Amino acid sequence: RIYGPESYGLMGVFMSIVGILAPISALSYPIAIVLPKSDNDAIGIGKLSICISLGLASFSGIIIFLFSESIVKLFNIEEVHSFLYLMPLVILFSGLLQVTEQWLIRTKQFMVTARVTFLQSLILNGSKVGIGLLYPLASILIIITAIGNGLKAFMMIVFGKKYKVSKKRNNHRFLDLGKKYYDFPLYRAPQALLYAITQNLPVLMLASLFGPVSAGFYTLGRSVMSIPTQLIGKSIGDVFYPKITEASNRGDDITKMIIKATIALILLGIFPFGLVIIFGPWLFSVVFGSDWYIAGEYARWISLFALFRFIHQPSVKTLPVISAQAFHLVFTIITLIVNIVSITIGFYLFSSDIIAVALFSI
């Protein structure tokens with residue numbers, strides 16, 4: 001209500017660029033932190049991840065400094081040109097956040113994660129509202145978004161329980177750890193990049209083909225429909241990951257665990273997503289104002305893929321445990337191709353943003 005669709009659209013474009021770069025900020029090594037039996041190995045992987053993030057952040061800063069004009073023209077993102085220089089900071093913050101999140105998952109500090117997620121949301125959204133009452137500008141939304149991961153990582157470090165790790169064995173050799181978990185940068189990092197492109201492609205394409213207002217509608221619709229995944233699906237997935245790892249290490253039958261968790265998520269997700277599928281436009285008009293009616297139309301279709309993204313958490317979390325990273329990569333490549341074709345058909349054959357979103361979601 002404060003910022004309007006256009007400002008939200010510009011923030012959405014920036015968030016999409018961040019969303020593409022953030023998952024590969026440490027080449028997916030942080031996901032391996034949960035796997036080693038030794039805490040020393042886990043800490044070594046964390047340090048390796050932070051070093052990689054520092055290197056990639058520095059490299060991205062050089063690329064942006066040298067080629068920012070070309071990047072802006074290539075992707076038609078003139079409106080967020082000046083904010084590209086925040087990207088190195090975002091990459092570094094994202095890598096640090098991934099390390100702290102995975103360490104808390106490994107040590108089962110889920111209460112700390114919950115507390116920090118709540119406080120971060122309160123601070124960031126409170127800032128958007130408070131500052132927006134005086135300066136309802138897209139730049140405010142973008143800057144607050146850029147510092148979000150850094151704030152969350154800092155609070156996790158502050159509130160997390162400190163562990164004393166034995167120093168008798170030196171397992172911090174980066175080269176050895178990097179080789180041992182080579183499948184994460186080789187398969188998981190490309191998969192994460194392609195998956196991020198798949199998820200954020202609609203915003204960039206809508207902004208380029210239909211303008212920032214359409215991108216704003218999609219951004220709000222996606223933000224609202226991701227709430228169940230962030231609050232419930234991700235939390236269950238984070239708890240499920242170490243449990244499925246332990247069960248696999250013991251040689252237990254993990255198929256039943258996957259099926260049971262998936263059915264539970266289906267029962268949890270069918271009501272909130274189904275409600276938006278049926279009443280989406282009306283709900284968005286009532287909650288956000290009449291300007292956001294079209295966002296409700298978008299959300300009606302976004303709910304379809306959001307529901308399946310919600311219920312596939314146990315399956316995705318199991319893939320690194322059973323060394324199925326290569327399969328995940330191939331699956332994501334196929335998904336990306338299908339999604340690009342879907343949005344392109346919606347634009348060139350139907351000249352309709354809603355049809356483009358519908359085809360993408362289906």
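Let's start with alanine 264. At 36% relative accessibility, alanine 264 counts as partly exposed. This is a predicted model, by the way. Alanine 264 is in helix α10, residues 255–288. Now look for isoleucine 311. Along the sequence, alanine 264 and isoleucine 311 are 47 residues apart. In space, their C-alpha atoms are 8.5 Å apart.

Stay with α10 and bring in α9. Helix α9 covers residues 227–250. The axes of α9 and α10 come within 12 Å. They cross at roughly 175°. An angle over 145 degrees counts as roughly antiparallel, so α9 and α10 are roughly antiparallel to each other.

Who makes that contact? From α9, we have Pro228, Thr229, Ile232, Gly233, Ile236, Phe240, Lys243, Ile244 and Ala247. From α10, we have Met257, Ile258, Ala261, Leu265, Leu268 and Phe273. Sort the residues of this contact of α9 with α10 by class, and you get 12 nonpolar, 2 polar and 1 charged.

Pick one of those out: phenylalanine 240, in helix α9. Is phenylalanine 240 buried or exposed? Its relative accessibility is 8%, so phenylalanine 240 counts as buried. Its contacts, leaving aside neighbours within four places in sequence, are Met257, Ile258, Ala261, Pro314, Lys317 and Thr318. Met257, Ile258 and Ala261 are on the α10 side of the helix contact. Now compare serine 285. Phenylalanine 240 and serine 285 are 45 residues apart along the chain. Their C-alpha atoms are separated by 37 Å.

Next, the start of the chain. Helix α1 runs over residues 4–21, and α3 over residues 87–106. α1 and α3 pack at an angle of about 50°, with their axes 10 Å apart. That angle makes α1 oblique to α3. The crossing of α1 past α3 is right-handed. On the α1 side, the contact is made by Phe14, Ile17, Val18 and Leu21. On the α3 side, it is Met87, Val90 and Ile91. The class count for α1 with α3 is simple: 7 nonpolar, no polar and no charged residues.

Let's zoom in on phenylalanine 14, in helix α1. With a relative accessible area of 0%, phenylalanine 14 is buried. What does phenylalanine 14 touch, not counting residues up to four places away in sequence? It touches Phe83, Leu86, Met87, Val90, Ile142 and Ala146. Take phenylalanine 83 from that set. Phenylalanine 14 and phenylalanine 83 are 69 residues apart in sequence. C-alpha to C-alpha, they are 7.9 Å apart.

Isoleucine 17 also deserves a look.

On to the cores. In soluble globular proteins, nonpolar side chains tend to be buried together. Here, the largest nonpolar core has 52 residues. Which residues have the most contacts inside it? Val13, Phe14, Ile17 and Tyr218 do. And which helix gives the most to this core? Helix α11, residues 293–311, gives 9 residues. There is also a second, separate core of 23 residues. It includes Ile52, Val99, Tyr241 and Ile244.

Back to α11 for one more pair. Its partner is helix α14, residues 353–361. The axes of α11 and α14 come within 8 Å and cross at roughly 10°. Angles under 35 degrees count as roughly parallel, so α11 and α14 are roughly parallel to each other. α11 brings Glu297, Tyr298, Trp301, Ile302 and Phe305 to the contact. α14 brings Asp353, Ile354, Val357, Ala358, Phe360 and Ser361. By class, α11 with α14 comes to 8 nonpolar, 1 polar and 2 charged residues.

Last stop, two loops. Lysine 108 is in the loop between α3 and α4, and α4 is residues 110–132. Lysine 108 is not a glycine, yet it has a positive phi of about 60°. Its relative accessibility is 43%, so lysine 108 counts as partly exposed.

Serine 323 is in the loop between α12, residues 313–318, and α13, residues 325–348. Serine 323 has a positive phi too, of about 55°, although it is not a glycine. Is serine 323 buried or exposed? At 58% relative accessibility, serine 323 counts as exposed.

Technical notes. Residues are numbered from 1 along each chain as its sequence is written. This is a predicted model: local features need pLDDT of at least 70, side-chain atom pairs count only at pLDDT 80 or more; totals for chains, interfaces and linings use all residues. Side-chain values use heavy atoms; hydrogens and water are left out. Helices (H or I, at least four residues) and strands (E, at least two) are DSSP runs, numbered from the N terminus. Buried means under 20% relative accessible area, exposed over 50%, partly exposed in between (1.4 Å probe, protein chains only). Axes are lines fitted to C-alpha atoms, for helices over the stretch in contact, and angles run from 0 to 180 degrees between N-to-C directions. Angles under 35 degrees count as roughly parallel, over 145 as roughly antiparallel, 65 to 115 as roughly perpendicular and the rest as oblique. A crossing is left-handed if the near helix is turned anticlockwise from the far one by less than a right angle, and right-handed if clockwise. Contact means heavy atoms within 4.5 Å. Ala, Val, Leu, Ile, Met, Phe, Trp, Tyr, Cys and Pro count as nonpolar, Asp, Glu, Lys and Arg as charged, and the others, Gly among them, as polar. A nonpolar core is a set of buried Ala, Val, Leu, Ile, Met, Phe, Trp, Tyr and Cys residues joined through side-chain atoms within 4.5 Å.
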